[in-house]
Amino acid sequence: MAAFATLALGWSRMYRPACGWCLIAIQCVATGVGYGLFFRLQQVGGPVYVSQMSYVNTAVGVGFGVLLFGESLSLWIWLALALIVTGVLLVNRVGNTARP
């Protein structure tokens, strides 16, 4: 959150020696809220659902790299992203039943 606020407001306007502590405080609050929401998500969705978040985070991070920073991806990265999406979809299929 603090990184997006910095990008949105412009680093030159936002950065002042006294404002560095503001960014640290914002980041601490954002981390605390995210930490609390993570455990709430685990309570609601279960551990299998939460374990998939790291894979989704990877795909989102790659997407931001392409959109915001103009990174170019190799064929291997696109194949890996396709495998991530396929795996998440297979695990979350409707009608997917547990087997003994």
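1. A residue is called buried when its relative accessible area is under 20%, exposed when it is over 50%, and partly exposed in between, with a 1.4 Å probe and protein chains only. Helices (H or I, at least four residues) and strands (E, at least two) are DSSP runs, numbered from the N terminus. This is a predicted model, in which local features need pLDDT of at least 70 and side-chain atom pairs count only at pLDDT 80 or more, while totals for chains, interfaces and linings use all residues. Residues are numbered from 1 along each chain as its sequence is written, and side-chain values use heavy atoms, with hydrogens and water left out.

2. The chain holds 6 helices and 0 strands, so that the order from the N terminus reads α-α-α-α-α-α. Of its 100 residues, 13% are buried. Taking contact to mean heavy atoms within 4.5 Å, residues 24 or more positions apart account for 42% of the chain's contacts with a separation of 6 or more.

3. Helix lengths can be checked against an expected span, which is 1.5 Å times one less than the number of residues. For α3 (residues 20-45), the 26 residues should span 38 Å, and the end C-alpha atoms are 37 Å apart, which agrees. The 17 residues of α5 should span 24 Å and the ends lie 23 Å apart, again in agreement, while the 17 residues of α6 should also span 24 Å and have end C-alpha atoms 25 Å apart, which agrees.

4. Two of these helices are followed by a glycine with positive phi: Gly-46 comes after α3, with phi near 95 degrees, and Gly-70 comes after α5, with phi near 65 degrees.

5. Helix α5 (residues 53-69) packs with helix α6 (residues 75-91) at an angle of about 140 degrees, their axes being 10 Å apart; here the axes are lines fitted to C-alpha atoms, for helices over the stretch in contact, and angles run from 0 to 180 degrees between N-to-C directions. From α5 the contact draws on Tyr-55, Val-56, Thr-58, Ala-59 and Val-62, and from α6 on Ile-77, Leu-81, Ile-84 and Val-88.

6. Which residues of α6 are buried, and which are exposed on its other side? Leu-81, Ile-84 and Val-88 are buried, and, seen down the helix axis, the buried residues fall within an arc of 55 degrees (taken over the directions from the axis to the C-beta atoms), so they line one face of α6. These buried residues pack against α5, whereas Leu-75, Trp-76, Leu-83 and Leu-89 are exposed on the other side of α6.

7. Ile-77, placed in α6, is partly exposed with a relative accessible area of 34%, and its C-alpha atom is separated by 9.8 Å from that of Ala-59, 18 residues apart along the chain. Gly-63, found in α5, counts as partly exposed at 27% relative accessibility, and its C-alpha atom is separated by 9.8 Å from that of Leu-81, 18 residues apart along the chain.

8. Gln-52 is found in the loop between α4 (47-51) and α5, and counts as buried at 6% relative accessibility. Leaving aside neighbours within four places in sequence, Gln-52 is in contact with Val-88, Val-91 and Asn-92.
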